[in-house]
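Thanks for coming. I have one structure to go through, and I will keep to what can be computed from it.

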Amino acid sequence: MSVNEAGDQAGWRLVVESKRCISSGFCVGSAPDHFAMDPVSRPLADVVAPSDQVIEAAEFCPVEAISVIDAQDGTPIAPKR
Ligand code: SF4
């Protein structure tokens, strides 16, 4: 059942558009528990607990390559566009 693919984890889904990422490293610096460079940024987990750090990473990514989405219903969380 795809709607509840995240299982019992209520949380946020992290998506990095690797083609947009310019490897600034900001997200890794601001949320090192959630992103790594490989060689461009990638999320360390698809679904995470709500966190100010991932909001900050998404808001301040210079090319808006990061999206934070409610894992259960797909509502965009960050960045605010
Ligand atoms: S902040 Fe954006 S551009 Fe910089 S490494 Fe992260 S995803 Fe890439």
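The cut-offs here are under 20% relative accessible area for buried, over 50% for exposed, and partly exposed in between, with a 1.4 Å probe and protein chains only.

Before going on, the provenance. This is a predicted model, in which local features need pLDDT of at least 70 and side-chain atom pairs count only at pLDDT 80 or more, while totals for chains, interfaces and linings use all residues. Residues are numbered from 1 along each chain as its sequence is written, and side-chain values use heavy atoms, with hydrogens and water left out.

Now the overall layout. The protein chain has 2 helices and 6 strands, taken as DSSP runs numbered from the N terminus (helices are H or I of at least four residues, strands are E of at least two). Along the sequence these elements come in the order β-α-β-β-β-α-β-β. The chain has 81 residues, and 36% of them are buried.

Next, the backbone. Back to Glu64, which sits in the loop between α2 (52-60) and β5. Glu64 is not a glycine, yet its phi is positive, at about 50 degrees. Ser23 is another non-glycine residue with a positive phi, here near 60 degrees. Ser23 belongs to the loop between β1 (12-16) and α1 (26-30), and with a relative accessible area of 36% it is partly exposed.

There are also cis peptide bonds to point out. The bond from Asp38 to Pro39 is cis, with omega near -15 degrees; Pro39 is in the loop between β2 (35-37) and β3 (41-43). The bond from Ala78 to Pro79 is cis as well, with omega near -5 degrees, and Pro79 falls in the segment after β6.

Which loop holds Gln72? Gln72 is in the one between β5 (66-70) and β6 (76-78). Gln72 is partly exposed, at 40% relative accessibility. Gln72 and Gly11 are separated by 61 residues in sequence, and their C-alpha atoms are 7.4 Å apart.

Ser51 is in the loop between β4 (47-48) and α2. Ser51 counts as buried because its relative accessible area is 15%.

Arg20 is in the loop between β1 and α1, and at 39% relative accessibility it is partly exposed. From Arg20 to Pro62 is 42 residues in sequence and 9.8 Å in space, C-alpha to C-alpha.

Rolling a probe the size of a water molecule over the atoms shows where empty space is left. A cavity is a set of points, on a 1 Å grid over the protein atoms alone, where a 1.4 Å probe fits but cannot get out, and its lining residues have an atom within 4 Å of a point. How many cavities of 30 Å³ or more does the structure hold? The count is 1. The largest cavity contains about 100 Å³ of space, where volume means the space filled by probe spheres set on the points, and points are joined across faces, edges and corners.

The ligand takes up the space of this largest cavity; the test for sitting in a cavity is that more than half of a molecule's atoms lie within 2 Å of its grid points. The cavity lining has 15 residues, and those nearest its centre are Cys21, Ser24, Cys27, Ser41 and Cys61. By type, the lining has 11 nonpolar residues, 4 polar and no charged.

What about the shell around the ligand itself? There are 14 residues around the ligand, and Cys21, Ser24, Gly25, Cys27 and Cys61 come nearest; a residue is near if one of its heavy atoms lies within 4 Å. The shell comprises 10 nonpolar residues, 4 polar and no charged.

Two of these cysteines have accessibility values to report. Cys21 is buried because its relative accessible area is 16%, and Cys61 is buried at 12%. As for disulfides, pairs of cysteine sulfur atoms within 2.5 Å, the count is 0.

Definitions and conventions: 1 Å grid on protein atoms, 1.4 Å probe; cavity = no way out; pocket = protein on both sides within 12 Å on 5 of 7 lines; lining within 4 Å. Nonpolar A, V, L, I, M, F, W, Y, C, P; charged D, E, K, R; others polar.
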